[in-house]
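Hi everyone, thanks for making time.

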Amino acid sequence: MGESAGRDGGGANAGGNGGPGGALLVVGDVVTDVVARHRTPLARATDTAAEIRTLPGGAGANVACWAAYTGLADVRLLARVGTDAGAWHEERLRSAGVRPQVVLDEEAATATVISLVDAAAERTFLTDSGAALRLSAADWSASLLDGVAHLHLSGYLFFADTSRETARLALRAARERAVTVSVDPASAGFITELGVDRFLEAVSGADVLLPNEDEARLLTGLPEPADAAAKLSRHFPLVAATLGAGGALLAAAGSVHDRVPAVPAKPVDTTGAGDAFAGAFLAARLAGADDARAAAAGCGAGARAVTVVGGRPPPRR
């Protein structure tokens, strides 16, 4: 069992739930990203020139950072990292305006992703989940929900037994406190390995599902994203599906009710665009925006995200 490197629970809104201005708690993953941008196709068994950077990342951490970047004052993150990089990640999170609850794991290294970004800015991931999916029930406390208006769960937590149990524990605790919950499915590849039915059962009870179009198709078996989102909205009160250059659509009660256009951008790296959408979308909702305006804010953040390398917001000037 690890120890916390940053106990920052509570806050000015401690004891209250819901309503504009409440805190966002993200439970998810912190990852060290090694981003390799290559302009030519990978040359097998020899060298391919690339620009390589080591950056902080992780779907859950990225969502938290984008929520803070887009104006939410109280953003908190619970995640597990290795002792190899825990202090660096905590400092990066704090500098982004996030209040980290970083649990140090002395037995597993920090999760690492090698992100191969091609000339079209599309990315392919090689993932070592490391400590991220070792987030355990012992790392969770219902007191983490004090002052929280919304809980966001990174879908990556649902792909391993230990972290899935923790995510389910957090989801149940949030529902007991009438705190709304969102889930980002995170990875079509990992959903396939786990099984669609098992994933949907694990995330049942969430109020908001935030899939991309590939995940929506996979979760429903339907080829059209709008049909897939509509079907998912029979199981989740709100579905906000991202479509890349197609923007986003919102579905509830079995039908699509809003389509939000993308914001034009010249991409250099699409890593983290969905995380940016989720962070800005949730921040806007907590600030009192309706779902369509929140989705527009999400699309704006997604467009900003693809213009920088890595999944985090650009540094504040």
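Let's start with a helix pair: helix 8 passes helix 9 in a right-handed crossing, meaning the near helix is turned clockwise from the far one by less than a right angle. Helices here are DSSP runs of H or I with at least four residues, strands are E runs with at least two, and both are numbered from the N terminus. This is a predicted model, where local features need pLDDT of at least 70, side-chain atom pairs need 80 or more, and totals for chains, interfaces and linings use all residues. Residues are numbered from 1 along each chain as its sequence is written, and side-chain values use heavy atoms, without hydrogens and water.

Back to our pair. The contact (heavy atoms within 4.5 Å) includes Phe277 and Phe281 of helix 8, and Gly298 and Gly302 of helix 9. Its residues divide into 12 nonpolar, two polar and two charged; Ala, Val, Leu, Ile, Met, Phe, Trp, Tyr, Cys and Pro count as nonpolar, Asp, Glu, Lys and Arg as charged, and the others, Gly among them, as polar.

Now, salt bridges: a side-chain nitrogen of Lys or Arg within 4 Å of a carboxyl oxygen of Asp or Glu. How many does that rule give? The count comes to 16. One to look at joins the side chains of Arg37 and Glu51, at 3.1 Å from N to O. Arg37 sits in strand 3 (residues 31-37) and Glu51 in strand 4, so this pair ties together parts 14 residues apart in sequence.

That's my tour; happy to chat!
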